[in-house]
Amino acid sequence: MLEVTELVRIPDEELEWSYARSSGPGGQNVNKVASKAVLRWRAAATAAAIPAPAMLRMRARFPSRFTVEGDVVLQSQKYRDQERNRLDCVEKLTEMIRAGLVPPTVRKATKVTKGAKRRRVADKRRQSAKKQNRRAGGGDD
């Protein structure tokens with residue numbers, strides 16, 4: 001059982017694991033050991049208690065991690081051994097779900113202060129007077 005939070009737990013049966021050979025440097029070891037871990041989680045058909053808005057936020061925030069069917073596919077080949085890559089995939093999934101569970105903060109509309117309005121108008125007047133003084137005749141039209 002993968003425990004994301006106290007309320008959100010994902011059964012191990014929902015997590016599908018596959019392994020492949022990692023890419024990149026590593027000499028002969030990389031050619032014979034399947035250390036890359038690939039995790040597939042059927043998020044659309046999960047038994048975990050993840051609210052629908054949280055799932056939508058996850059899809060919006062991590063669109064490249066979701067397939068068309070609604071599965072989450074994560075992979076890790078950061079480490080040289082399979083078990084650490086497996087733990088890295090689990091950590092990525094938990095962080096992804098936790099990020100989706102946090103609702104966005106609502107922006108509160110604010111007004112421009114009176115002092116800011118006065119400063120803006122005063123700056124405009126100064127700028128206008130400066131340009132008037134540059135005209136021929138010193139602004140006496």
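Predicted model: local features only at pLDDT ≥ 70, side-chain atom pairs only at ≥ 80, totals over all residues.

Q: Why is Ser35 called buried?
A: The cut-off for buried is under 20% relative accessible area. Ser35 has 6% relative accessibility, so it counts as buried.

Q: Where does Ser35 lie, and which residues is it in contact with, leaving aside neighbours within four places in sequence?
A: Ser35 is in the loop between helix 1 (28-32) and strand 4. Its contacts beyond those neighbours are Ala20, Ser22, Ser76, Tyr79, Arg80, Asp81, Gln82 and Asn85. Contact here means heavy atoms within 4.5 Å.

Q: What makes strand 4 mostly covered?
A: Strand 4 spans residues 36-42, and five of its seven residues are buried.

Q: How do you know that strand 3 and strand 4 pair?
A: Pairing needs at least two bridges between the strands. Strand 3 (residues 15-20) and strand 4 have six bridges, in the antiparallel sense. Therefore they count as paired. Ser18 stands opposite Val38, and Trp17 has Leu39 as its bridge partner.

Q: What joins strand 4 to strand 5?
A: Six bridges do, and the two strands run antiparallel. Strand 5 covers residues 71-76. One of the facing pairs is Arg42 with Asp71.

Q: In what order do the three strands of the open sheet stand?
A: The order is 3-4-5, with antiparallel pairing.

Q: Why do strand 3 and strand 5 count as edges?
A: Each has a single partner strand, so one side of each lacks a neighbour in the sheet. From one strand to the next, the twist averages 20°.

Q: Which helix packs on the sheet, and which strands does it touch?
A: Helix 3 packs there, touching strand 3, strand 4 and strand 5. The direction of helix 3 makes about 140° with that of strand 5.

Q: How do helix 2 and helix 3 pack, and what is the handedness of their crossing?
A: Helix 2 (residues 52-61) and helix 3 (residues 82-101) pack at about 115°, with axes 7 Å apart. Their crossing is right-handed.

Q: Which residues meet in the contact of helix 2 with helix 3, and how do they divide into nonpolar, polar and charged?
A: From helix 2 come Ala54, Arg57, Met58 and Arg61; from helix 3 come Met96, Ile97, Ala99, Gly100 and Leu101. The division is six nonpolar, one polar and two charged.

Terms used. Residues numbered from 1 in each chain as written. Heavy atoms only, no water. Axes fitted to C-alpha atoms, helices over the stretch in contact; angles between N-to-C directions. Helix = DSSP H or I, 4+ residues; strand = E, 2+ residues; numbered from the N terminus. Left-handed = near helix turned anticlockwise from the far one by under 90°. Nonpolar A, V, L, I, M, F, W, Y, C, P; charged D, E, K, R; others polar. Buried < 20%, exposed > 50% of the residue type's maximum accessible area, 1.4 Å probe, protein only.
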